Amino acid sequence: MQHKTVAELSRELTEKKISSVELTQFFLERIKHFDSTLNSFITVSEDYALTAAKDADAKRAQGKASPLTGIPIAHKDIFCTDGVKTTCGSKMLDNFIAPYNATVIQNLNDAGTVMLGKTNMDEFAMGSSNETSYYGPVKNPWQSDYVSGGSSGGSAASVAALLAPASTGTDTGGSIRQPAALCGITGLKPTYGRASRYGMIAFASSLDQAGLFAHTAEDVALLLNAMAGFDEKDSTSVNHPVPDYTAALNNNLKGLRIGLPKEYFNAGLNNEVAQTIQTAIREYEKLGAVIEEISLPNTALSVPVYYVIAPAECSSNLARYDGVRYGYRCVNPADLQDLYERSRSEGFGTEVKRRIMIGTYVLSAGYYDAYYLKAQKIRRLICNDFVNAFKKVDVILSPTTPTPAFKIGEKTSDPISMYLSDIYTIAANLAGLPGISIPVGFVNQLPIGMQLITNLFGEAKLLNVAHQYQTVTDWHKQSPRGF
Amino acid sequence: MSLTPDAVKKIAHLARLSLSEDDIALYSTQLSKILDFIEQMNQVDTTQIEPLAHPLDISQRLRPDVITEPNLRNKYQTIAPQVEAGLYLVPKVIEEAS
């Protein structure tokens, strides 16, 4: 049962081979059994899940079902869930019961999905290894002394370990694609503005985007149908029609132009990862795609630009945590200043404070032009690289990460080496483009992900290109031992 | 680019963070390294380039000036650290006249 995809479970529910309550209990049991070591969930919402599952079964009995009615799902703990603890991986929000639903949650609830719980993540989504979480690191299901990736580490690991058939995540600089790659599953970051940011706890507002994890591109398409769409409550939500993302999955790839950015296949790329990606490229050639080399000349600048823009926006967004209206408050504040300073210092972890400090510095008087404005100008150059590339090719293909998963603790004392693990994913956020990571093989028994990027609102194309690969390979069907 | 411990203290104050002496030492080393890394941006001439604030290059939408938020004050107050009579309590900020 745990190996079935969302599409397969949907058929079983339709054919009444299983009820949503049975399915939900099955996954809740798996979480109880396996998650004490994996640490992929912060909160398991058993009562909430069983109530939703009963409602789903009632709807199915009345013939009012959508394909997703009764499908269990896990949500990243960054999404506000009405009446359920929403921590964002931080001590700051350890006591925070969200008073409303994020639009992404509401849309998926309305489609009939059943929330199993809230998944572990890097604190306020700031991290690439899930090690900055107040609730401890998530283990990689393939090898437990390795990181799950981050920031959506719990969402990726829970799906990889078959504790949930699918999950939500967010991606600001690679936080869906990188953990999807490191855990061996499929993860989609849609176009900026495709899914609402309302009720999704803000990190860097011009980069944050909600997306999905599942085993297959087909499952992601089914879920994106429900999740995507315009939302008046998000001022940067884009009013662009939502197609049926499953409609184009089976289009053939004859003549599809795939570009390989030479800057993504340079000296920083692990040799064995490079070979694995080359094997995947040959599959696309067999499917009729035309491969050519392209250039994204400003790639090396994407990480420095990101580490100005993201911390700047983070320092503004996280100013709201002041210990006054919700969240952590220090004990016995001497005065208001002390209340602010100690609540924030005791409530935030090291990486979050580091980024608030960088952001505060680059926005402070006299430095704004040299850092933030300069970064925004180079952001346009990075964006223009993609505009030029998409004049020649339909899809850009690259590794998702330069190496397989690294060991827990390996990079925690060196922030810059941690930041560079997102070198291939950050540019898509800066340019607002949709990107997907799919599993394409293993190096040292650790999964390797391949990234596909396409033009704005090209999610249907991306899912089609990913799905076609998954019809001729079975990497997405591999599961870690012991689960 | 090197940040002195005093500069780190000033930034921490602006960000309303109180840092221990150990933290200040650690952050001044780490933040200096990160700023050095960011300095790579200076290799690029951007004099003719317009800054990009929104990845889709569109400006924020306007909406009619009507109240759309429901009144959830009671619900919000149940998750507040300290409230009284519908108000959020903080330490006294106005000194009493002597």
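Predicted model: local features only at pLDDT ≥ 70, side-chain atom pairs only at ≥ 80, totals over all residues.
Residues are numbered from 1 along each chain as its sequence is written, and chains are lettered from A in the order in which they are written.

**Chain B overall**

- Chain B has 3 helices and 2 strands (DSSP runs, H or I of at least four residues for helices and E of at least two for strands, numbered from the N terminus).
- Along the sequence, the pattern of chain B reads α-α-α-β-β.
- Chain B is more spread out than a compact globule, because its radius of gyration is 23 Å, well over the 13 Å that the globule rule gives for 98 residues (taken over C-alpha atoms; the rule is 2.2 Å times the number of residues to the power 0.38).

**H1 against H2 in chain B**

- The axes of H1(B) (residues 5-14) and H2(B) (residues 21-38) come within 9 Å and cross at roughly 100 degrees (lines fitted to C-alpha atoms over the stretch in contact, with angles from 0 to 180 degrees between N-to-C directions).
- That makes the two helices, H1(B) and H2(B), roughly perpendicular (65 to 115 degrees).

**The A–B interface**

- On the chain A side, 54 residues are in contact with 39 residues of chain B (C-beta atoms, placed from the backbone, within 7 Å).
- H12(A) gives the largest share of that chain A side, 11 residues.

Definitions and conventions. Contact = placed C-beta atoms within 7 Å. Parallel < 35°, antiparallel > 145°, perpendicular 65-115°, else oblique.
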